[in-house]
Amino acid sequence: MSEKISASIVSAEKIVLQEEVESILVPGMMGDFMVFPNHGDCVSSLRPGFLEAEIDKNEKKKLFITGGIIEVLDNNVSILVDSSFPEEEVSSSLLSEYIDEIEEKLASENVTNKDDMELRKSDFNEAMKSL
């Protein structure tokens, strides 16, 4: 059995993380879930929230993501994120900017995905509570 998984987190701007990890906790659409070595293969959407990669027992990297997709395949985890921020850069004002942007879009007359946007707004509000 493999003791680590190969994790790659990529945004449009850069490679956010690329290393071997013991586990990774992600904000799935239906709730947070953790990926360990030898996890079953899957593909899932990710909602806005905190992602935590455990490099080893003494080191964890925590990021805030604004959404994305995860693929788990043969001990390789590929995560494509819309945007990501290191935990120390996340503030209520940053999350408020995203919430304000969503509210502006919701106020528009030609919104076709109102329910999805309301859920995304709710996810950002939940994340703000954990700050």
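Predicted model: local features only at pLDDT ≥ 70, side-chain atom pairs only at ≥ 80, totals over all residues.
Residues are numbered from 1 along each chain as its sequence is written, and side-chain values use heavy atoms, with hydrogens and water left out.

The largest pocket has a volume of about 310 Å³, a volume being the space filled by probe spheres set on the points, which are joined across faces, edges and corners. Of its 15 lining residues, Pro48, Ile102, Asp116, Met117 and Arg120 are the closest to the centre. Helices α1 (92–107) and α2 (114–129) each supply at least two residues of this lining, and the largest share, 6 residues, comes from α2; helices here are DSSP runs of H or I with at least four residues, and strands are runs of E with at least two, numbered from the N terminus.

The second largest pocket, with a volume of about 260 Å³, is lined by 16 residues, and those nearest its centre are Gly49, Phe50, Lys62, Ala127 and Ser130. Two or more residues of this lining come from each of β3 (23–28), β6 (49–56) and α2.

Salt bridges, each a side-chain nitrogen of Lys or Arg within 4 Å of a carboxyl oxygen of Asp or Glu, number 9 by this rule. In one of them, the side chains of glutamate 19 and lysine 61 meet at 2.9 Å, N to O; glutamate 19 lies in strand β2 (residues 15–21) and lysine 61 in strand β7 (residues 59–65), 42 residues apart. Glutamate 103 pairs with lysine 121, with the closest N and O atoms 3.1 Å apart, and because glutamate 103 lies in α1 and lysine 121 in α2, the pair ties together parts that are 18 residues apart in sequence. A further salt bridge joins glutamate 126 and lysine 129 at 3.0 Å, and these residues are separated by about one helical turn because they stand 3 residues apart in helix α2.

How values were computed. 1 Å grid on protein atoms, 1.4 Å probe; cavity = no way out; pocket = protein on both sides within 12 Å on 5 of 7 lines; lining within 4 Å.
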